[in-house]
Amino acid sequence: MQEYQQYIGGQFDAGAAQFDSIDPATGAAWARMPAASVADVDRAVQAAEQAFFASDWANMTASQRGKLLSRLADLMAENAQRLAELETRDTGKIIRETTAQIAYVAEFYRYYAGLADKIEGAHLPIDKPDMEVWLRREPLGVVAAIVPWNSQLFLSAVKIGPALAAGCTVVLKASEEAPAPLLEFARIFDQVGFPPGVLNVITGGPEAGAALTSHSKIAHVAFTGGPETARHIVRNSAENLASTSLELGGKSPFIVFEDADLESAVNAQISGIFAATGQSCVAGSRLVISNKIKDQFLARLKEKAEAVVIGAPNDMATEVGPLCTKAQRDHALALIKASTEAGAKLMTGGTTPDGPGYYFPPTILDCSDSPNAPCLSQEFFGPVLSVISFDTEAEALAIANDTKFGLASGVFTQSLTRAHRMIRGIRAGIVWVNTYRAVSPIAPFGGHGLSGHGREGGLQAALDYTKVKAVWLRTSDDPIPDPFVMR
């Protein structure tokens with residue numbers, strides 16, 4: 001089996017312990033991964049802190065940091081196909097998805113390379129004639145970046161890119177599920193020329209995560225994952241008072257009005273829930289459909305869902321591959337069972353095929369007559385769509401907002417005025433209008449409610465890795481007046 005190593009202080013080692021990584025397409029172990037101990041976590045944080053204060057990083061100009069990030073972008077582009085094949089092997093994501101996504105990841109590093117020397121301070125028009133006051137933006141310090149297995153190279157880029165552009169250092173913890181792509185990324189990063197310790201890459205389970213997020217030298221925790229883990233992270237941050245940015249899950253509404261372009265909306269819904277085998281935090285998992293077109297729309301959607309090509313993830317013809325873990329498949333089956341018992345109607349899918357691997361077919365549940373079915377409120381993280389219908393625009397908006405989450409949403413209509421009303425009314429961090437699942441390094445993303453807080457991508461993400469320092473300079477040569485009076 002292939003063996004991978006963790007990356008601490010510019011050095012690779014096997015870690016305190018190892019564990020097997022499972023190929024989701026076969027259910028068999030294919031590689032050995034390092035499991036970071038508490039001592040390993042501490043070494044990584046200490047290395048990041050030493051790098052943060054070391055002169056070769058602390059005194060590096062923003063433009064120099066940008067050039068290193070640009071070099072990283074080039075290497076990511078050069079190695080994109082190899083990384084895509086590795087991610088497909090370890091996670092089960094289809095090669096069509098990983099090839100396109102990882103090729104685009106380089107653009108995120110390129111964007112933050114250009115942004116590094118554009119993080120500006122400000123001059124304040126202070127109300128004291130003998131004072132000059134300005135603001136400096138300085139890096140927060142050591143960042144703990146924690147990412148899940150799905151889209152891990154993308155989800156790490158939107159943390160590493162802005163953090164390094166701002167001058168921070170990073171300890172990146174890959175998921176214990178399918179960490180191979182990030183451990184391989186560490187080898188690419190090592191070729192760039194960053195000072196040792198600027199980025200450290202480890203993996204491991206809850207013990208490693210708790211040690212990292214509660215470590216006294218962590219200044220900020222950037223986390224992507226589930227709400228329950230996020231609650232533990234927030235509790236752990238009480239130990240070090242680190243700031244947090246949390247990008248969590250969702251039950252995102254996909255709203256289709258009667259005037260929508262049906263073929264375009266159906267294709268977008270396929271992309272929103274069945275692409276990536278539904279394993280996406282922004283999955284459009286709730287179809288909110290007008291009763292006027294419901295039957296027509298669902299007929300087209302069912303036909304396309306049943307024509308989806310399910311197969312080996314490394315085959316370019318495959319459209320839906322396996323789920324990443326057996327636990328996900330078991331969760332999907334249990335939630336479908338609970339939902340049908342609550343009155344949801346199974347339109348297609350819902351059963352696992354025979355044979356090895358964690359495959360699961362595109363599944364559609366009609367919950368129009370069972371609005372309390374658990375599939376409408378609980379996240380599957382799989383290719384399962386829950387359908388609920390509406391009669392009026394107000395009802396559609398109410399259904400869209402009837403969730404504890406608030407990450408993404410889609411609105412399909414040809415009415416410009418209606419689109420603007422929905423944009424204003426939907427409580428979510430992203431509203432896609434007549435499209436879905438589009439991203440760019442220029443645009444921030446993030447959510448509300450149980451979908452977390454903070455934003456990744458865009459200028460705002462880089463600013464979130466800085467702290468503001470106010471500088472006061474007295475310009476008068478006269479002696480300071482009464483020392484007992486506050487200036």
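Select helix α3 (residues 62-78) together with α6, whose axes come within 9 Å and cross at roughly 160 degrees, the axes being lines fitted to C-alpha atoms over the stretch in contact, with angles from 0 to 180 degrees between N-to-C directions. The two helices are therefore roughly antiparallel, a word used for angles over 145 degrees. Show next R65, L69 and M76 of α3 and L153, G161, L164, A165 and A166 of α6, which make the contact, meaning heavy atoms within 4.5 Å.

This is a predicted model, in which local features need pLDDT of at least 70 and side-chain atom pairs pLDDT 80 or more, while totals for chains, interfaces and linings use all residues. Residues are numbered from 1 along each chain as its sequence is written, and side-chain values use heavy atoms, without hydrogens or water.

On the α5 side the contact includes Q101, F108 and Y109, and on the α6 side L153, I160 and A165 are among the residues involved.

Now select F185, which touches L72, M76, L83, Y109, L153, I160 and L199, leaving aside residues up to four places away in sequence. F185 is also among the residues with the most contacts inside the largest nonpolar core, which has 96 residues; such a core joins buried Ala, Val, Leu, Ile, Met, Phe, Trp, Tyr and Cys residues through side-chain atoms within 4.5 Å, buried being under 20% relative accessible area with a 1.4 Å probe, protein chains only.

Technical notes. Buried < 20%, exposed > 50% of the residue type's maximum accessible area, 1.4 Å probe, protein only. Helix = DSSP H or I, 4+ residues; strand = E, 2+ residues; numbered from the N terminus. Parallel < 35°, antiparallel > 145°, perpendicular 65-115°, else oblique.
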